[in-house]
Amino acid sequence: ALQKYEEGSGKNLSSYKFSILHFSHFFELIFKYYVTQSHPLLIYKNPFSKKIEKESTIGLWEAVQFLRNEGRSIDVDFNNDLEWIKKLRNEIEHFKFKMDVIEVRRTLGRLIRATNEFNDEHNLIDIGSHLIGKHLEIFNELDDEYKSNLSTAKVAAKAKSEYGSGCDCNYCGELSTASKTGDSIYCEFCGQSERLIVCCQCQEEYR
């Protein structure tokens, strides 16, 4: 994934698509690896099969459900990341895909953030020890940049919003990054805006 990102930065823009796709697969593998730590056979959809080597393995959402069945909580931010990753992968694999450089950096930053949060909580692997040179530099840079931009966006949204606090963005899925001014909602993080419409019956505002 990081190799493809590096290629994309060298003007081979089609590599960005594969960078995001590979990293989302890595994210899924982290979850599946967690399941194997309880028992290696639980990685298979049918662990009772007589031909276990031919069995399909579970997907991301089965692995997530495994965590829930263990009694582990999935917080709102992290669940939003999971839903967003599912949607993103579907778009990449099945639809025409287009992203600019800034969107790619934000996307990989979000994937890295979600990976690090899950990995740190469960102490699975030392990701940094598997990366060297430029790739380690890219990994840390994308993570830091994403967190920095996200924090700045939340502060700006709270300061600008007529609500007195930031609201959630329906585009990038981040929480408390959008500000309400007049008849629109604007995300300080991804730059997308939505128009608000007032219901003629109850006078409530809706996106």
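**View 1. The residue just after helix 1.** Lys 11, which comes just after helix 1, takes a positive phi of about 85°; helices here are DSSP runs of H or I with at least four residues, numbered from the N terminus. The model is predicted, with local features requiring pLDDT of at least 70 and side-chain atom pairs counting only at pLDDT 80 or more, while totals for chains, interfaces and linings use all residues. Residues are numbered from 1 along each chain as its sequence is written, and side-chain values use heavy atoms, with hydrogens and water left out.

**View 2. The buried residues of helix 1.** In helix 1 (residues 2-9), Leu 2, Tyr 5 and Gly 8 are buried, that is, under 20% relative accessible area with a 1.4 Å probe and protein chains only. Seen down the helix axis, these buried residues fall within an arc of 115°, so they line one face of helix 1; the arc is that of the directions from the helix axis to the C-beta atoms. Their cover includes helix 2 (15-38), helix 5 (101-122) and helix 6 (133-160), contact meaning heavy atoms within 4.5 Å.

**View 3. The buried residues of helix 3.** Leu 60, Ala 63, Val 64, Phe 66 and Leu 67 are the buried residues of helix 3 (residues 60-69). Around the axis they cover an arc of only 150°, which puts them on the same side of helix 3. The buried residues of helix 3 pack against helix 2, helix 4 (76-94) and helix 5. Gly 71, which follows helix 3, has a positive phi near 90°.

Notes. Buried means under 20% relative accessible area, exposed over 50%, partly exposed in between (1.4 Å probe, protein chains only). Helices (H or I, at least four residues) and strands (E, at least two) are DSSP runs, numbered from the N terminus.
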